[in-house]
Amino acid sequence: MSLDQTSKRLAPQFQRLEGSLIKTIAARATSASISLAGGIPHESTFVFRGVTWDMTNGSTITLKNRTLTGGTETEDGAADLPLNYMQGTGMPELRQELITHMRRYHTPAYDDWAVIPTTGSTDALTKCFQLFMPPPGKKPIILAEALVWAAVLAIAAPLGYEVRGLELDSDGMLPFALDTACLQLAEEGERAAFLYLTPHGQNPTGTSLSTQRKEVLYALAQKHDLLIVEDDPYRLLFLPADPEEVKETAMPGLEGLPKSLLSLDVDGRVIHLESLSKWVCPGLRLGWLTGPKAFVEGAYRKWNELTIQFPCTVSQSVFCSMLKQWGHSGLDAHLKQLQAHYARQRRAMHHAAEKHLRGLATWDLPKAGMFVLFKVTALKGKGKAETEAVLEGLLAEDILMVPGYAFDPSPGKDAEPAFRATFATASPEKIEEGLARFARALARLT
């Protein structure tokens, strides 16, 4: 029996989405086919013949000739791989690598799931907003954390969605807040299109859900028949609990990472998003989506083909080659090195905050990711205007931080005054100087 809670919640206009007929015909091709269908350029017209990528571990990945242009020697120029058109489901080799990865490290708790490459989580999330738009007469509503990734608010606004932020503590979204919000929606005769969660290293708060908290939230999603969009770009950047622990040998690598909500999913209600931006590089514009097969290979694939067609094929090819070259041990080694880097950066911010901000702000040490949210003690109970005054003071001190109201979905932007700082990029010396300037601005303006 197919387990899928997503397809029945598709917006009416997407329930009979036809997709691209041209790609449907192309998918029927066999080795004996003569293709006069698609407007596929002949590979001899491509201006690129090869590309070499230098890796940080000293190795190289080289794509050239047919490896880059795709196809085989017997084909008449109808190339399928990196430099030509391909199916919306992406490069078959990469998809198989991703399936293997998800099966090994996430183990979805049901069998009928699938994976599809994306152009990153922002586009994948936008498609979820579109595909799960409620029918006419119902309010477009999503549930999310009380402070949520700013892009969620930016995507929601032009599509007419209301984002309802739910209370957080240092371990993430509070279950009673989710239960209360769902009951309130039921009283209004409404339901949420989906619950949006960033379970690890949440942006902007840095919070991470414990396994127990995930289990309770998932049970509530079942109780209220909620879909969950799990946006998980920071799970691979999970760090030791002790901020002084920065050795590579102490890092979780691959095997020590927490379980995703997807790994708890027994009835096909979690759509899991991952991105290369935080652990490979943002410029490849590549990620992947995992969820119920009927949704992934149905509505999502079809909408993919009608909007972006497919993610960048060169990006898919180089990422696939990287995964094959590294294998489990290479990927584990890369992640431990990366995690150690972020652990050192987090330690620098921890020390600088302890030195300069005690009495001026409060904060929680993040367990994953790259963000710390500093709540301004003297402004507790104040509003956006007071936060803007501090922001101007920070800019005058040549220190750039993002005010908490940028992540606040409430109409009045009345969340507790706070500022998000990242330890991802600046050197330890600049992190300390930055927080010293932050402290000076707070002391002067509050």
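Two strands count as paired if DSSP finds at least two bridges between them. Helices (H or I, at least four residues) and strands (E, at least two) are DSSP runs, numbered from the N terminus. This is a predicted model, so to speak a computed one: local features need pLDDT of at least 70, side-chain atom pairs count only at pLDDT 80 or more, and totals for chains, interfaces and linings use all residues. Residues are numbered from 1 along each chain as its sequence is written, and side-chain values use heavy atoms, with hydrogens and water left out.

**View 1. E13 with its partner strands, E12 and E15.** E13 and E15 pair in the antiparallel sense over five bridges, with Val 372 standing opposite Ala 421 in E15. Strand E12 (residues 361-362) also runs antiparallel to E13, joined by two bridges; here Ala 361 has Val 376 as its bridge partner in E13. Five of the six residues of E13 are buried, meaning under 20% relative accessible area with a 1.4 Å probe and protein chains only (over 50% is exposed, in between is partly exposed).

**View 2. Helix H11 and what it packs against.** H11 covers residues 428-445, 18 residues in total, and reaches 26 Å from its first C-alpha to its last. That is close to the 26 Å expected at 1.5 Å a residue, where the expected span is 1.5 Å times one less than the number of residues. Its buried residues are Ile 431, Gly 434, Leu 435, Ala 436, Phe 438, Ala 439, Ala 441 and Leu 442.

**View 3. The seven-stranded open sheet.** Follow the strands in the order E3-E11-E10-E9-E8-E4-E5, and you'll find mixed pairing. Strand E3 (113-118) and strand E5 (162-166) stand at the edges, each with a single partner strand, so one side of each has no neighbour in the sheet. On average, neighbouring strands of this sheet are turned by 20° against each other, direction ignored; the axes behind that angle are lines fitted to C-alpha atoms. Thr 118 has Gly 287 as its bridge partner in E11.

**View 4. Arg 9, a buried arginine.** Arg 9 sits in the segment before helix H1 (21-26) and counts as buried because its relative accessibility is 13%. Its side chain reaches the backbone oxygen of Asp 225 at 2.8 Å, a polar contact (a pair of N or O atoms within 3.5 Å; within protein, one must be able to donate a hydrogen and the other to accept it, and residues adjacent in sequence count only if both atoms are side-chain atoms). Leaving out residues up to four places away in sequence, Arg 9 touches several others, including Leu 131, Phe 132, Arg 191 and Leu 227; contact means heavy atoms within 4.5 Å.

**View 5. Ser 263 in its loop.** Ser 263 is found in the loop between strand E9 (228-231) and strand E10 (270-275), and its 12% relative accessibility makes it buried. The side chain reaches the backbone oxygen of Ser 260 at 2.6 Å. Beyond neighbours within four places in sequence, Ser 263 is in contact with His 106, Thr 107, Pro 108 and Ala 109.

Technical notes. Axes are lines fitted to C-alpha atoms, for helices over the stretch in contact, and angles run from 0 to 180 degrees between N-to-C directions.
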